[in-house]
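Biologist: I'm new to this one. Can you put it on screen and walk me through it?

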Amino acid sequence: MEFYLSGKSRYGFRHIHPLLAELVRTLPDIIAADALSDAAAHRFYPEPAQGEDLDDLRSDWKAFVEPGLQEHFRSSRDIVAADLKSLTAKKDNFELTIPAKHADAWLNVLNQARLALAAEIGFDEKLLGSPEAPDLASERGLVAFRINLYAFMQQCLIEQMD
């Protein structure tokens, strides 16, 4: 998988192996509101404060802040889902182009996907930072691989945005 620039208005990934293309294609599905595990939902929408005397604060947060976050996440997810229509087969691999103006939405979705996957499996920074290659024969290894793939894509986009 190779990152490239197409002028100043488009980014892209080419030579994407079919397995990786499928992992990228399913990005919006991972973070769909109805697909989130309780752990992922808690990671996305944590309670703003702990304490028995802060029920009003938590209630206000749920009423006024969470809907805005949900709308922001949904909007980013919709942009990425639309961009994924450009994921096309090129001989034995795939190619994806991303309008530069959609880079923020992609970063948001890639980050959400990483957080959701990590929350569902119970990964922490120590496990994700392990220098050992993930065991792709296990579910945890496949999830670690997927999280690292999305981190690679984030890194490519961030380096071009700087």
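Modeller: Here is a short tour, from the overall fold to single residues. This is a predicted model: local features need pLDDT of at least 70, side-chain atom pairs count only at pLDDT 80 or more, and totals for chains, interfaces and linings use all residues. Residues are numbered from 1 along each chain as its sequence is written, and side-chain values use heavy atoms, with hydrogens and water left out.

Biologist: How many helices and strands does the protein chain have?

Modeller: There are 7 helices and 4 strands. Both are DSSP runs numbered from the N terminus: helices are H or I with at least four residues, strands are E with at least two.

Biologist: In what order do the elements run from the N terminus on?

Modeller: The order is β-β-α-α-α-α-β-β-α-α-α.

Biologist: What does the C-alpha trace span along its principal axes?

Modeller: About 60 × 35 × 30 Å.

Biologist: And what share of the residues counts as buried?

Modeller: Of the 162 residues, 36% are buried. Buried means under 20% relative accessible area, exposed means over 50%, and partly exposed is in between, using a 1.4 Å probe and protein chains only.

Biologist: Let's do helices. What is the span of α5?

Modeller: Helix α5 covers residues 103-121, and its end C-alpha atoms are 27 Å apart. That agrees with the 27 Å its 19 residues should span at 1.5 Å a residue. The expected span is 1.5 Å times one less than the number of residues.

Biologist: Which residues of α5 are buried?

Modeller: Among them are W106, L107, N108, L110 and Q112. A113 is also on the buried list. The C-alpha atoms of A113 and L27 lie 6.7 Å apart, although the two are 86 residues apart in sequence. L27 sits in helix α2, residues 27-30, and counts as buried at 0% relative accessibility.

Biologist: What follows α5?

Modeller: G122 does, and its phi is positive, near 85°.

Biologist: Which residues other than glycine have a positive phi?

Modeller: H15 has a phi of about 55°, and K91 has one near 60°.

Biologist: Where do they lie?

Modeller: H15 lies in strand β2, residues 10-16. It is partly exposed, with a relative accessible area of 46%. K91 lies in the loop between β3 (88-90) and β4 (93-99), and counts as exposed at 85% relative accessibility.

Biologist: New topic. How many aromatic pairs does the structure hold?

Modeller: It holds 6. Rings of Phe, Tyr and Trp (its six-membered ring) pair if their centres lie within 6.5 Å; planes under 30 degrees apart count as stacked, over 60 as edge-to-face and the rest as tilted.

Biologist: What do F44 and F73 form?

Modeller: An edge-to-face pair, 5.6 Å centre to centre with 65° between the planes. F44 is in helix α3 (residues 38-44) and F73 in helix α4 (residues 55-83), so the pair ties together parts 29 residues apart in sequence. F44 is buried, with a relative accessible area of 7%. F73 is buried too, at 12%.

Biologist: And what about Y45 and F73?

Modeller: Their ring centres are 5.9 Å apart and their planes are at 45°, so that pair is tilted. Y45 is in the loop between α3 and α4, 28 residues from F73. Y45 is buried as well.

Biologist: Which residues form the aromatic cluster?

Modeller: F3, Y11, F13 and F152 form one cluster.

Biologist: Which ring does the charged end of R14 sit over?

Modeller: The ring of Y4, 4.3 Å from its centre. A charge sits over a ring if NZ of Lys or CZ of Arg is within 6 Å of the ring centre and within 35 degrees of the ring normal.

Biologist: Last stop, α7. How many residues does it have?

Modeller: α7 has 23, and it reaches 33 Å from its first C-alpha to its last, close to the 33 Å expected. Its buried residues include G141, V143, R146 and M153. Y150 is also in α7 and is buried, at 0% relative accessibility.
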